[in-house]
Amino acid sequence: PDVNGRRKAKEGERGARSRRRVRESISYRPTDRRDIGRMEFDAKSASNAFVASTRADLAAPATSPLRSATELQSFRQTVDQMQERLETDRHGLKKCAKALRDIQKTGESHLGFDAQFADSLEKFGSMALRYDSKIGTAFLKFSVIFKEMSSVSKNSLQALGNMVAFPVDNLLKSDFKTINDDMKRNFDRAVREHETARVKIEKEKRRGSESGGADAVGGAIDCSTELVKERRAVQLGMVDYLVKANEIRTKKGIEFVQHLMEFYHMHYKILEDGLKVLTDLGSWANTLAGELNGLRSRQEEERKELLELRKQIKSDVTVEKDVSQTGTVSGYNLHQPAGEESFGMEKAGILMKRSDGRLRKVFQKRYCQVKDGQFTMAHGPVLE
């Protein structure tokens, strides 16, 4: 019974160690960004190392370096490091895509206001033609200019959307989504299946060794021959991931710069066309400037004549003052004297004044007097 108990205890310890290794290999994640940042990660070098080890495994599976779990773990770390870098790039591209959407949205609003302004100028010029042909023609001409410039801005905005914004959106919604949802998931599943199969085979071999009388608890067990299928699945998953990562690296780097270069050349051509339109109108603008100066001079002369006429009219008009108002105080002229002088020009007596209290408003007696066109109020008669 003691032998069976020790054997069961050893099997339990081996099972616990195996399960712990499986959990550590499956749940590996780069938890600290600084750990990745401490070493320079070169995607090209990591890809070359994987290709070399995989070719060696295909040529001689028995002596392949991929027999050890450490080599497969390095592949897992490589994929996680590449995924970390891709996430950083995806975050930056999302900001670029948002800025491009904002540019297109504000650009469309700007184009709408340009069209509205050009239509208003055209209507205003049509009305101005009835009174001044030169001014009305200028308004109509400038409405055409604004329409042409609006067309230039529209073409530039469309070029930005087709050449830059669309590829960035497509990269985010298609390639990044595929590598995150499909490629990475398939690779992780292949690694889990490989680790599970390896632990299972090691456990079976240990049991067989113990039943045969051999002590293989502390020694390493070679499972490379039985794990060829699972190892090929891991290699295939990593190859697919590296291919998609290479495509993304090309699109977010070389092709993105090429799209920007294409937009630069297209935008330059569009601006050249707009500049050509403005250059062709240069002679007309110079002629119009001279005509406007002549019109301004004539209008200034008319204004001077009108100001002189107003000055003459004001100097000719005399204001007669009423003789009855000569004795009044010049400080108060809102209410003019009224009534008959025979009844007197002064009045005094008691009037009721309402108080300004907040809680209760009452009427209080005040002595009031009208004299020399002024009204005074006091608590009682003023002794002179």
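This is a predicted model: local features need pLDDT of at least 70, side-chain atom pairs count only at pLDDT 80 or more; totals for chains, interfaces and linings use all residues.
Local features here need pLDDT of at least 70 and side-chain atom pairs count only at pLDDT 80 or more, while totals for chains, interfaces and linings use all residues. Residues are numbered from 1 along each chain as its sequence is written, and side-chain values use heavy atoms, leaving out hydrogens and water.

Figure 1. Helices (H or I, at least four residues) and strands (E, at least two) are DSSP runs, numbered from the N terminus. Along the sequence, the elements follow the pattern α-α-α-α-α-α-α-β-β-β. Of the 384 residues, 25% count as buried; buried means under 20% relative accessible area, exposed over 50%, and partly exposed in between (1.4 Å probe, protein chains only). The accessible surface comes to about 27600 Å², and 55% of that belongs to carbon and sulfur atoms. These areas come from the Shrake-Rupley method with a 1.4 Å probe, and for residues only the protein chains shown count as cover.

Figure 2. Two strands pair if DSSP finds at least two bridges between them. Look for R354, whose bridge partner in β2 is F363, and for V370, whose partner in β3 is F375. In the hairpin of β2 and β3, two residues sit between the strands, and D372 takes a positive phi near 55°.

**Figure 3. H194 is a buried residue of helix α5 (residues 133-211).** The relative accessible area of H194 is 3%. Leaving aside neighbours within four places in sequence, H194 is in contact (heavy atoms within 4.5 Å) with L72, L227, E230, R231 and V234. H194 and K229 are 35 residues apart in sequence, yet their C-alpha atoms are 8.8 Å apart in space.

Figure 4. A salt bridge is a side-chain nitrogen of Lys or Arg within 4 Å of a carboxyl oxygen of Asp or Glu, and the whole structure has 12 of them. Side chains of opposite charge can pair when their charged atoms come close. D102 is partly exposed at 35% relative accessibility, and K98 is partly exposed at 49%.

**Figure 5. E122 and K147 link two helices through a salt bridge.** The N to O distance is 3.0 Å. E122 lies in helix α4 and K147 in helix α5, so the pair ties together parts that are 25 residues apart in sequence. E122 is partly exposed at 33%, and K147 is partly exposed at 39%.

**Figure 6. K184 and D188 form a salt bridge and are both buried.** Their N to O distance is 3.1 Å. Both lie in helix α5, four residues apart, about one turn of the helix. Salt bridges that share partners join R76, D80, K184 and D188 into one network.
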